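Please have the sequence and the 3D view open while reading.

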Amino acid sequence: MAVVHFPEFRTGKVLATCFTGTLSERYGEALERIPVPFRLVDWLADNGLAVDSCSQAQLDHARELRESIHIAATAFANQDPLPPSSVRVINDCSTHGLASAILTPEGGLEWRLGSASVEDALSVIAADAISLLAGEREGMISLCASPTCRAAFVDTSRGHTRRWCDMNTCGNREKKARFLANKRKESARAD
């Protein structure tokens, strides 16, 4: 029996944009990080939203929410109107779950799912997206400068000058490409 390896999950501080990051390189060789239902269960658990199980239909619904958040965040970053179909999906997901925000003894926020269902977890992700798109969060929604990525992220840098969704992936790849292009130019001039 062959062992199947799945791509690592990207981490971050903003739940909604981390969720959209479960599909990366959207404009290149797309990398699906939740290709099967149990990987969505794993991702949700890694993000404090443990659920009991996930069906293929629930995974499909989660992907619809993911894409709706990505489309809305892209529109927001480009200062375009939010697409009504994306807004509808986000709002529907937000209202169809039973989750409660809980204050931890350390003063943090934790989510308690009503029934440990995927729908409950998706309602939390949708609520986070709403908070982000409504401008209730610190920072600015930006798009990764990598032409193959274009992931939405929250830029909390002082002058809102961050260019990459993740410096360890897109940023390093783009810097390496620039370095190699400059080396080729130098080599061509030397010949």
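In this predicted model, contacts between residues 24 or more positions apart make up 53% of the contacts in the protein chain that have a separation of 6 or more. The protein chain holds six helices and six strands.

**Fold and dimensions**
- Read from the N terminus, the order of elements in the protein chain is α-β-β-α-α-α-β-β-α-β-β-α.
- Along the principal axes, a box of roughly 70 × 50 × 40 Å is filled by the C-alpha atoms of the protein chain.

**Burial and surface**
- The protein chain has 191 residues, and 40% of them are buried.
- About 11,100 Å² of the protein chain is accessible surface.
- Carbon and sulfur atoms contribute 53% of this accessible surface.

**Charged side chains**
- In the protein chain, 22 side chains are positive and 24 are negative.
- The centres of these two sets are 11 Å apart.

- Strand β3 spans residues 99–103 and strand β4 spans residues 109–113.
- The two strands, β3 and β4, run antiparallel and are joined by five bridges.
- Opposite Ile102 stands Glu110, which belongs to β4.
- Five residues lie between the strands of this hairpin.
- Gly107 in the hairpin of β3 and β4 adopts a positive phi near 90 degrees.

Note on methods: Residues are numbered from 1 along each chain as its sequence is written. This is a predicted model: local features need pLDDT of at least 70, side-chain atom pairs count only at pLDDT 80 or more; totals for chains, interfaces and linings use all residues. Side-chain values use heavy atoms; hydrogens and water are left out. Helices (H or I, at least four residues) and strands (E, at least two) are DSSP runs, numbered from the N terminus. Buried means under 20% relative accessible area, exposed over 50%, partly exposed in between (1.4 Å probe, protein chains only). Contact means heavy atoms within 4.5 Å. Accessible areas come from the Shrake-Rupley method with a 1.4 Å probe; for residues, only the protein chains shown count as cover. Lys and Arg count as positive and Asp and Glu as negative; His and the chain ends are not counted. The place of a charge is taken as NZ of Lys, CZ of Arg, CG of Asp or CD of Glu. Two strands pair if DSSP finds at least two bridges between them.
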